[in-house]
Amino acid sequence: MSISDYKKAAVIGFPIAQSLSPLMHKHWMQQVGIDGDYEAIEVAPEHLGAFVEEAKRIGLSGFNVTVPHKTAILPFLDKIAPLAKQMGAVNTVKIGENGFTSGFNTDGIGLVTHLKTSVADYSVDRPALILGAGGAARAAALGLLTEHIPMVMISNRTREKAEAIANEIGRGRMTVVDWNARMDAVAAAGLIVNTTVLGMSGQNQLDIDLSAAANDTVVYDIVYKPLETELLANARSRGLRVVDGLGMLVHQGAAAFKIWFGKDVGFDAALRSKLEAALL
Ligand code: ATR
């Protein structure tokens with residue numbers, strides 16, 4: 001293998017130490033026979049522009065972008081893909097010929113791919129209920145609307161943020177549910193997606209009563225630390241189908257990998273056990 005075949009990619013964030021992305025991308029590089037490396041790089045907000053220049057100079061194939069840079073990165077890129085533009089956030093940058101930088105967002109695709117591979121027959125007749133209105137909620141809403149979910153309800157503690165998402169990307173197919181009325185929306189929902197930080201290690205639990213949920217409701221938690229949140233344990237104990245957050249991470253990564261290297265990769269058992277071990 002010549003030196004020019006050596007591929008480098010990275011994830012940038014601030015802080016970044018906890019990232020599972022290096023483990024995941026190195027697994028795939030090995031699997032498809034790419035000689036290369038994937039590094040987690042801490043980039044302070046004031047160094048973001050300089051990092052993009054450095055990434056071109058050292059010949060990265062591309063990099064992932066995480067908190068707090070997903071929106072701040074936009075002005076430093078040459079081109080933004082339509083979905084990322086709609087989202088106002090980029091999680092994947094490809095560096096092409098002559099250092100041309102393109103920004104993509106694979107978070108929504110990641111969420112929906114994981115949903116579809118985990119529960120093929122979730123109900124599309126009833127609306128989805130998204131809890132939260134941060135970047136992950138926006139990705140979830142766009143992902144679900146781009147797929148075949150006809151209506152999406154969104155509920156957030158700070159109602160204005162939910163309204164902003166519904167207005168900006170809802171295409172008339174999103175309604176806002178008051179945070180205090182979130183329990184009432186449970187009975188109507190075919191899919192419930194938690195995108196808040198509630199249930200994550202060190203955070204409070206999400207307070208939601210699932211007793212009114214229909215039997216075929218799917219409960220999806222994008223939190224993956226812990227993998228089995230109280231929300232999922234509660235849903236499971238009621239016989240509801242559950243989807244954990246690890247797959248969203250993996251599938252957004254797989255979509256990024258495809259953008260950089262043109263290879264299809266997925267969520268195989270070996271990868272799941274490596275990630276689960278890293279989460280312990
Ligand atoms: P991300 O961009 O990763 O989705 P974020 O923007 O920090 O993360 O969003 C966190 C979400 O968790 C928000 O919807 C937040 O609600 P607010 O918009 O009202 O802040 C929600 N959240 C955090 N703590 C919460 C709490 N104690 N109760 C209810 N919602 C909470």
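**Close-up A. Asparagine 64, a buried residue of strand E3.** In this predicted model, asparagine 64 has a relative accessible area of 4% and is therefore classed as buried. The residue belongs to strand E3. Two polar contacts involve its side chain: one of 3.5 Å with the side chain of histidine 25, and one of 3.3 Å with the side chain of threonine 92. Setting aside neighbours within four places in sequence, the residues in contact with asparagine 64 include Ala10, Val11 and Ile12. Tyr38, Asn91, Gln252, Ala256 and Trp260 are also among them.

**Close-up B. Asparagine 91, in the loop between helix H3 and strand E5.** Helix H3 covers residues 82-87 and strand E5 covers 92-95, with asparagine 91 in the loop between them. Is asparagine 91 buried or exposed? Its relative accessible area is 2%, so asparagine 91 is buried. The side chain of asparagine 91 makes a polar contact of 3.1 Å with the side chain of glutamine 252. Beyond four places in sequence, asparagine 91 touches residues including Phe63, Asn64 and Val65, as well as Phe104, Asn105, Thr106 and Asp107. Lys70 and Gln252 are also among the residues that asparagine 91 touches.

**Close-up C. Histidine 69 and the backbone of valine 43.** Histidine 69 is found in the loop between E3 and strand E4, the latter at residues 79-80. With a relative accessible area of 1%, this histidine is buried. Which backbone atom lies 2.7 Å from a polar atom of the side chain of histidine 69? The backbone oxygen of valine 43 does. Not counting residues up to four places away in sequence, histidine 69 touches Ile12, Gly13 and Phe14, together with Val43, Ala44, Pro45 and Leu48. For a sense of scale, histidine 69 and isoleucine 169 are 100 residues apart in sequence, and their C-alpha atoms are 21 Å apart in space.

Close-up D. The whole structure holds five aromatic pairs. One of them joins phenylalanine 51 and phenylalanine 63 in an edge-to-face arrangement, at 5.0 Å centre to centre and with 85° between the planes. Because phenylalanine 51 lies in helix H2 (residues 48-57) and phenylalanine 63 in strand E3 (residues 62-65), the pair ties together parts that are twelve residues apart in sequence. Both partners are buried: phenylalanine 51 has 10% relative accessibility, and phenylalanine 63 has a relative accessible area of 0%.

Close-up E. Phenylalanine 257 and phenylalanine 261 form an edge-to-face aromatic pair, with 4.9 Å centre to centre and 65° between the planes. Why are these two residues about one helical turn apart? They sit four residues apart in helix H9 (residues 246-261), so about one helical turn separates them. Phenylalanine 257 is buried at a relative accessible area of 0%, and phenylalanine 261 is buried at 14%. Both rings take part in one aromatic cluster, together with Trp28, Tyr38 and Trp260.

**Close-up F. Asparagine 194 in strand E10.** Strand E10 runs through residues 191-194 and includes asparagine 194. This asparagine is buried, its relative accessible area being 0%. Which residues does asparagine 194 touch, not counting those up to four places away in sequence? They are Leu131, Leu206, Tyr220, Asp221, Ile222, Val223 and Leu231.

Close-up G. From a side chain, a polar atom of lysine 161 lies 2.7 Å from an oxygen atom of the ligand. The ligand taken alone exposes 640 Å², and the protein buries 69% of that area.

Technical notes: Residues are numbered from 1 along each chain as its sequence is written. This is a predicted model: local features need pLDDT of at least 70, side-chain atom pairs count only at pLDDT 80 or more; totals for chains, interfaces and linings use all residues. Side-chain values use heavy atoms; hydrogens and water are left out. A polar contact is a pair of N or O atoms within 3.5 Å; within protein, one must be able to donate a hydrogen and the other to accept it, and residues adjacent in sequence count only if both atoms are side-chain atoms. Accessible areas come from the Shrake-Rupley method with a 1.4 Å probe; for residues, only the protein chains shown count as cover. Buried means under 20% relative accessible area, exposed over 50%, partly exposed in between (1.4 Å probe, protein chains only). Contact means heavy atoms within 4.5 Å. Rings of Phe, Tyr and Trp (its six-membered ring) pair if their centres lie within 6.5 Å; planes under 30 degrees apart count as stacked, over 60 as edge-to-face and the rest as tilted.
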